[in-house]
Amino acid sequence: MQNNTYKALVVKKRGKNFNVQIEQQSFTALAADELLIKVNYSSLNYKDCLSLTGHHGITRKYPHIPGIDVAGYVAEANSAKFKQGEEVIVTGYDLGMNISGGFAEYVKVPAAWVVKKPDNLTLRQAMLFGTAGFTAMSSYLFLQDHFKNLANRDILITGVSGGVGLISSFLLSKEKAKLTLASRNIANHPLAYLAANMLDSQTLLSEVSKPLLTRNYAAAIDNLGGLALTNIIKQLDYAGMVCACGNVAGHLLESSIYPFILRGVTLRGISSANCVYALRVRIWLEIAKFNLWAELENFITEISLAEISNKANLMLGGKHFGRFLVKL
């Protein structure tokens, strides 16, 4: 390295408060099978926002460098699997949660976490997707494997103001699915042009005593969880599937067995952080086939390390639409 230090966004605990500032960090020696990655891009995700504010369900020890996404190149390698200069991607595992993450000029990670960037994908494009897009693509692939043909199927996507819902909408619109997009604010929603219907998310958050409801959807990608997921399951058609990605509306799920034994419904959990490596590679290869980059760019805001804290507050307050791309 030309310098002995590098810049990073560090969260420190002071009493009951958590302070965020950019600091210089010192390089340390690589352990066996570790890589030092020069970070070109990261992205801001909901988990990062929680880590920045001291959420102990996300990050247990501070000081800490958040950032669950990384795209860059190998600066140093202590592994036979990678060589210096290779462009790589890291998402998931414990990156940015309890291991120093991508809101830094350099990050040190186990080689087993690292995926070589597909040739027909840029580092920037990889982080336009990031963990949110990775989750969306994972859900999309499970639905595709389940149904084989998604054209003209009624599919519900919740939380379409966030990254998972946004990118899921693009992926499924390419398949000519009949999309119902759910959001807290549907008036003049920027994704309305992709939808057959717009749905106020609040309608999914009402207590309904019936074990089954009208069969409105063949499938769903749900970012809300809780009562919303309960009501979605009740509305799935025969052999329908819902991919559960988040728990913004709650972590508890109450359901009778009737949607499963009378309608053959499938509930598929999506775990992007703990995705097995072979599937992880397949997902990035599929992301490289995405061809709506220009449309996606309309919903991307590029920010610096210094802007992360402010933008995280917007995300936590539900006051931003789209994705924040962090350029190092």
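These questions and answers concern a predicted model.

Q: What makes the contact of lysine 116 with glutamate 86 a salt bridge?
A: The cut-off is a side-chain nitrogen of Lys or Arg within 4 Å of a carboxyl oxygen of Asp or Glu. The closest N and O atoms of lysine 116 and glutamate 86 are 3.5 Å apart, so the pair is a salt bridge. Lysine 116 is in strand S7 (residues 115-116), whereas glutamate 86 is in the loop between strand S4 (69-77) and strand S5 (87-91), and 30 residues separate the two.

Q: How do you know that lysine 117 and glutamate 87 form a salt bridge?
A: The N to O distance is 3.4 Å, and the limit is 4 Å, so the pair qualifies. This pair also links distant parts of the chain: lysine 117 is in the loop between S7 and helix H2 (123-147), and glutamate 87 is in strand S5.

Q: Why is lysine 289 called exposed?
A: The relative accessible area of lysine 289 is 55%, and exposed means over 50%, so the term applies. Lysine 289 also forms a salt bridge with glutamate 286, with the closest N and O atoms 3.3 Å apart.

Q: How many salt bridges does the structure hold, and which residues are linked in a network?
A: The structure holds nine salt bridges. Arg124, Glu297 and Glu302 are linked in a network of them.

Q: What makes strands S8 and S9 a pair?
A: Two strands pair if there are at least two bridges between them. Four bridges join S8 (residues 154-157) to S9 (residues 178-183), so the strands pair. They run parallel, and isoleucine 155 has leucine 179 in S9 as its bridge partner.

Q: Why do S10 and S13 stand at the edges of the sheet?
A: The open sheet has six strands in the order S10-S9-S8-S11-S12-S13, with parallel pairing. Strand S10 (197-200) and strand S13 (266-269) each have a single partner strand, so one side of each is left without a neighbour in the sheet. On average, neighbouring strands of this sheet are turned by 15° against each other, direction ignored.

Q: Which helices lie across strands of this sheet?
A: Helix H3 (residues 163-174) lies across S8, S9 and strand S11 (217-222), at about 165° to S8. Helix H4 (residues 226-234) lies across S8, S11, strand S12 (236-244) and S13, at about 155° to S12.

Q: Why is alanine 312 called buried?
A: Alanine 312, in helix H8 (residues 308-316), has a relative accessible area of 2%, and buried means under 20%, so the term holds. Leaving aside neighbours within four places in sequence, alanine 312 is in contact with Leu44, Cys49 and Leu52.

How values were computed:
Residues numbered from 1 in each chain as written. Predicted model: local features only at pLDDT ≥ 70, side-chain atom pairs only at ≥ 80, totals over all residues. Heavy atoms only, no water. Axes fitted to C-alpha atoms, helices over the stretch in contact; angles between N-to-C directions. Contact = heavy atoms within 4.5 Å. Buried < 20%, exposed > 50% of the residue type's maximum accessible area, 1.4 Å probe, protein only.
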